[in-house]
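Thanks for making time this morning.

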Amino acid sequence: MTATFLAYGVASRAMEASQASINIVGNNISNVNTEGYTRQRVDIVSVTTSGKTEKFATPVISTGIGAKAVRTTQLRDPFIDARYRTQNAEANRYETMVKGLSNLEDVFDEASTEALQGELSSFINDLQSLSQTPTSSDIAQVARSAAEKVTQTINMYAIQLEEVRIEQTENLEVVVNSEFNTYVKNIASLNKQIQNEEIYGNTPNELYDQRNLLIDKLSGVANIEVSMAPADVITENLSIPHYSIKIKNQSGGEDIMLVDNGRYSEMSLDASDPLNVQLKIVDTTGVERSDVNSNVLDGSLRGYINLINGKGSFANTSVGESDSRGIYYYARKMDIFANQFATELNVINSNITGATTELPLFTDASGTSTANITAKNLQVSTAWLKNPSYINTTKNPVIDPPPTADYTATPASSDNILRLIEKMSDKIDFKDSLGNTIITGTFNEYMTSAVSEVATDVELHSNFFKTATNVFQTISDARDSVAGVSLNEEGVNLSAYQKVYNAAMRYFNVLDENLDNIINKMGV
C-alpha cells in the first residue's frame, strides 16, 4: 500500500511540472521576435518506484508516483539546419555575384550614353570628311581629336574596371576580417562557455542560440560543415559533444579546420597580385593553408573570388583558375580590343611607299612603342600629336624632299583614309595572347558582344539568385515550423498547461478532503 502522503507528492510534482511548462511558454512568447531564438520545451518524465525488490513481495496494486520536469530542451532538426546553411551559402554567392556584375554592367553602359561605339562612329565620320579634303590640316586635326576621344574612352573603361576590382577587393577584405574571423573567434569563445556549463550539468540554451546564430551567419560566408562527434569524455559518467566546424577538402586531402572546440583559425587576404587574390588560413593547429581558394566553393567569399579572379574563357582550369566571367575576363577583352584596334590602323598608316620604319598612329603610354598596348595605356602617338598630318592619306604620296623616319607625306589622294574607314567596318579576327580567335566581327560588333555578355551574366546570376533565395526561404520556413515560436501554438499550450495546473490543484483539494474525513470523521 502506498504511503499516505505519497499522493501529495504526486500532486506537488504535477503542479511543479505544469508551472515549469507555463514558464517556458511565457519565455517562448517573450522571445517571439528575438533573432536566433529557438523554441524551448520542458521534458517531463514519469516517476516510478524501483521494481527490483517488489517481485519478491506480495503482489499489490502499484501506481507511479507522478511526473517530474527534468530539463529544458530546444526544438531543432539537425538535418534542416544543415540544408539551411548549405542553401544560405549558395544564395550569398549568387547575391555577391549579382552586385559585382551589376557594377560591371554600369561600366559597359553603351545604351544610355554614347560611350565607345559612339566615339568610333564619330571617328569614322571625321575620317570621311578628311577623305574628301585630304589636304586640309584643320580636318586632319579634327580626325586626330576624334581618335583621342576613342583612346580616352577605352582608357576610361580600363580605369573603371580597375576601380570596380579595387572596390570588390576591399569588400572581400571586410568579409574576411569583419565577418569570417569575427564569427569563428566568437564561436570558439562560446564553445568554451558552453563546455563549462555542460560539465556542471547545466543546459545553456541561450548560449546554444548565440552559437547557432553565428554559425548561420558564417554559412553565408563560406561552405562549412558542422560536427559534434566524437564526444569528449570528461569523467566515467560524463561525456560532452566535441564541436568543430570545417571546410571540406575537395581533392580528398586534409580538411580545413575552422573551429575545434575552443580553438579557431584566422583567415587573411593576399592581394599582392591584384588580378589573382588569394585567401590564406592559419588553421586551428597553427598550420598555414594556401589551398583555400580551391576549397571555398560557396558563400560570399566564393562570389568575390569569382568576380576578382574570374578569367572566363581565358582561364586555365587545370591549375585551378576560375572560369567565371569576372573583372579579369572583361579587362582582358578590353585589352584585346585596344591592341587589335591600334595594330590594324597602325599597319595601314605604315604601309606607305617610301616609308622605312613603322609609322604608328597609336602607341602605349610611352608615345612611341607599340610592343605592349593595353586598354589602360593606349594613346595617340606622340608623332601624331605633334603633327595632325602625320596620318597618311594615301599609300603613294608625292615625297619631296626624300623621306626620313618622321617625314610628312604630301597627300596626292585619300585612298589610305578610305582603307582606314573600310578597316573600321571590316570583320576582324580578334585573337588572344595564344593566337586563338575569340570572336570575328567589326569593332562595333566586338563591343556589342562584350556589352551583351555582361548583361547576360547579370540576368543569369539574378535568376540563379532568385531561385536560390526561393529554395532558401522554403527551407527557412521548414526550420521555423520546428524551431520558431508560433503565438497560436504557444497560446494553445498555455491554456493546456493551465488546465493541468488547475487539475493538480483540484487533486490537492480532493486529497485534503479525504484526509480530513479520515482524521476527523472516521472512528468517532
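Let me begin with Arg76, which counts as partly exposed because its relative accessibility is 23%; here buried means under 20% relative accessible area, exposed over 50%, and partly exposed in between, with a 1.4 Å probe and protein chains only. Before I go on, please keep in mind that this is a predicted model, in which local features need pLDDT of at least 70 and side-chain atom pairs count only at pLDDT 80 or more, while totals for chains, interfaces and linings use all residues. Residues are numbered from 1 along each chain as its sequence is written, and side-chain values use heavy atoms, with hydrogens and water left out.

The side chain of Arg76 meets that of Asp81 in a salt bridge, at 3.1 Å from N to O, where a salt bridge is a side-chain nitrogen of Lys or Arg within 4 Å of a carboxyl oxygen of Asp or Glu. Asp81 itself is buried, with a relative accessible area of 7%. Asp81 also forms a salt bridge with Arg479, whose closest N and O atoms are again given as 3.1 Å apart. Since Arg479 lies in helix α11 (residues 443-483) and Asp81 in helix α2 (residues 78-107), the pair ties together parts that are 398 residues apart in sequence; helices (H or I, at least four residues) and strands (E, at least two) are DSSP runs, numbered from the N terminus. Arg479 counts as buried, at 11% relative accessibility.

A second pair is Glu162 and Lys376, with the closest N and O atoms 2.8 Å apart in their salt bridge. Glu162 lies in helix α4 and Lys376 in the loop between β12 (362-363) and β13 (379-380), so this pair ties together parts that are 214 residues apart in sequence. Glu162 is partly exposed at 26%, and Lys376 is partly exposed at 49%.

Finally, what of the strands? Strand β7 (residues 256-260) is mostly covered, with 4 of its 5 residues buried. Strand β6 (residues 244-247) runs antiparallel to β7 and is joined to it by 4 bridges, and two strands pair if DSSP finds at least two bridges between them. Ile245 stands opposite Val259 in β7, while the bridge partner of Val259 in β8 is Tyr264. In the hairpin of β7 and β8, which has 2 residues between the strands, Asn261 takes a positive phi near 55°.
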